[in-house]
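User: Please examine the structure shown here and answer some questions about its surface and its helix packing.

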Amino acid sequence: MREPLMPLAIWRTPGLAVANLAMALLGAAWIPMWYFLNLQQVLGYGAFAGGAALLPTTVAIMIFMIGITARLLGRLGAKPLVTGGLLVLAAGAAGLSPVRPDGAFVSDVLPASLVAAVGMSLAYIPAMMSALSGARPEDSGLASGIVNTTYQVGPALGLAVMTAIATSRGAAEAGGVSRLTNGFQAAFIGAGSVAAAGAVLTLLLMRRPEPVTTEADPEQEAVRV
């Protein structure tokens, strides 16, 4: 095609491929963890109580994304934040894995879910910015579309895999809440493993993007001289 929808040359953009990999693994860990954080089925919450119990996590994400991550990104750069955020997310998911049928929200769910929310908040915006920072101005829209699509595909694949893992551990079988909880525990461990793998790959592969250069304007060069 003379004008393809996605020219393959876009993947030569510095940092784009690695940032998309990080976004895919971030979504593949975060969304399944959020999905299996089902307080109605395990702790017996009603619909309203189960939704309200997730509000602290949402508030934590808003606070960190708006007030903290942007400042840290300017000081530290994307790589430390994406790597650290994925590790923190992995720790939060692992902290949810010991959940038990007779557990309590404040002691067994809230602390680990807040940790996971902090990790997600630290990694999301830096990974997004890393995907866009190396693109030329005329390619920025395409790069943005690619990374946003990647974040949709990653969670879909991650949720499919974590659901299969949970089902294999008895989440879909008869046997009461204990069997269901066993499946959820396996899903949390799986989500944490995906986040940890993302952190390792980011640490090994992500590089600081080179500044985008464009052809100099002769008139501007004349003004400089």
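Predicted model: local features only at pLDDT ≥ 70, side-chain atom pairs only at ≥ 80, totals over all residues.

Analyst: Residues are numbered from 1 along each chain as its sequence is written, and side-chain values use heavy atoms, with hydrogens and water left out.

User: Which helix gives the largest share of the nonpolar patch?

Analyst: Leu21, Val200, Leu201, Leu203, Leu204 and Leu205 form a nonpolar surface patch of about 500 Å². Such patches take residues with over 30% relative accessible area and no salt bridge, nonpolar side chains (Val, Leu, Ile, Met, Phe, Trp, Tyr) being joined within 5 Å; a salt bridge is a side-chain nitrogen of Lys or Arg within 4 Å of a carboxyl oxygen of Asp or Glu. Five residues, the largest share, come from helix α8 (residues 176-205).

User: Is leucine 204 buried or exposed?

Analyst: Leucine 204 lies in helix α8. Buried means under 20% relative accessible area, exposed over 50%, and partly exposed in between (1.4 Å probe, protein chains only). Because its relative accessible area is 53%, leucine 204 is exposed.

User: What is the orientation of α1 to α7?

Analyst: Helix α1 (residues 16-36) and helix α7 (residues 140-168) pack at about 40°, with axes 7 Å apart. Angles under 35 degrees count as roughly parallel, over 145 as roughly antiparallel, 65 to 115 as roughly perpendicular and the rest as oblique. Therefore α1 is, relative to α7, oblique.

Key. Patch = residues over 30% accessible without salt bridge, like charges linked within 9 Å, V, L, I, M, F, W, Y side chains within 5 Å. Areas by Shrake-Rupley, 256 points an atom, 1.4 Å probe, with all protein chains shown as cover. Helix = DSSP H or I, 4+ residues; strand = E, 2+ residues; numbered from the N terminus. Axes fitted to C-alpha atoms, helices over the stretch in contact; angles between N-to-C directions.
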